[in-house]
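The sequence and structure come next.

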Amino acid sequence: MTDSLVIIPSYNEIENIKAIVKAVFDLPKDFDVLVVDDNSPDGTGAAVKELQKKFPDRLFLEERKEKSGLGTAYIHGFKWALEREYQYIFEMDADFSHRPSDLPRLYRACVNGADVVVGSRYKKGVNVVNWPLYRILLSYGASFYVKLITGMKVHDPTAGFVCYKRKVLETLDLDSVKFIGYAFQIEMKYRAYLKKFRIEEVSIIFTDREKGKSKMSTSIIWEAVFGVISMRIRSLFKRNGF
């Protein structure tokens, strides 16, 4: 059994899921993969089950009844991982916006002393491919806004390509995590920051999806904008598990 688990949430990722799983398994470092699928009507779950026949001991599937948000999918995956012996737990998108080849770099940074490692689009300038200018400005502006409100010295606090050491997820109160969309990534890093865990960033190149449809929506963005302020206020009053 490997010490590392990659959690991939999925909803209608039939065009990407087999390729992304195989790309992870082709790496020289062994990673197990857990797909958390929200009952995708396009058959994503069935595609994973078919692939499990080839990788029965490395590929796992958790199927949920309905689409319930990115954050709850990851919390489900975190709890699944903590019930087993994994020491390094990764978040990664299914659409190849995060390159599987970068997983060993995040892993090494964790092994070498970091508690949380962020695959960062903004550590060294702006490393984003195929995004329109307005989306780059929105994302980069959101990162600056989060740093300003929270005080975190993280260049890419909204990033979704992350490695957590087991002890971080064991320490955080996962049941009290409030946000389920875009702001979930911010809240997880902020909770780790308040617990004094060591957060490091590894520069990556982020490439927008080529297949499938983005799950980003206006409501998810507004959750992040207003959620960061409420999160900061709650933390000041030591409420809701902060």
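At roughly what angle do the axes of helix H1 and helix H2 cross? The axes of H1 (residues 17-25) and H2 (residues 44-52) cross at roughly 40° and come within 9 Å. Axes are lines fitted to C-alpha atoms, for helices over the stretch in contact, with angles from 0 to 180 degrees between N-to-C directions. Helices (H or I, at least four residues) and strands (E, at least two) are DSSP runs, numbered from the N terminus.

This is a predicted model, in which local features need pLDDT of at least 70, side-chain atom pairs count only at pLDDT 80 or more, and totals for chains, interfaces and linings use all residues. Residues are numbered from 1 along each chain as its sequence is written, and side-chain values use heavy atoms, leaving out hydrogens and water.

Val21 is in contact (heavy atoms within 4.5 Å) with Val33, Val35, Leu51 and Leu59, leaving aside its neighbours within four places in sequence.

Two ring pairs are listed below. Rings of Phe, Tyr and Trp (its six-membered ring) pair if their centres lie within 6.5 Å; planes under 30 degrees apart count as stacked, over 60 as edge-to-face and the rest as tilted.

| Pair | Centre to centre | Angle between planes | Type |
|---|---|---|---|
| Phe31 and Phe90 | 5.4 Å | 85° | edge-to-face |
| Tyr74 and Phe78 | 6.1 Å | 20° | stacked |

Phe31, in the loop between H1 and S2, is 59 residues apart from Phe90 in strand S4. Tyr74 and Phe78 both lie in helix H3 (residues 70-82), four residues apart. Ring pairs also link Phe31, Tyr88, Phe90 and Tyr107 into a cluster.
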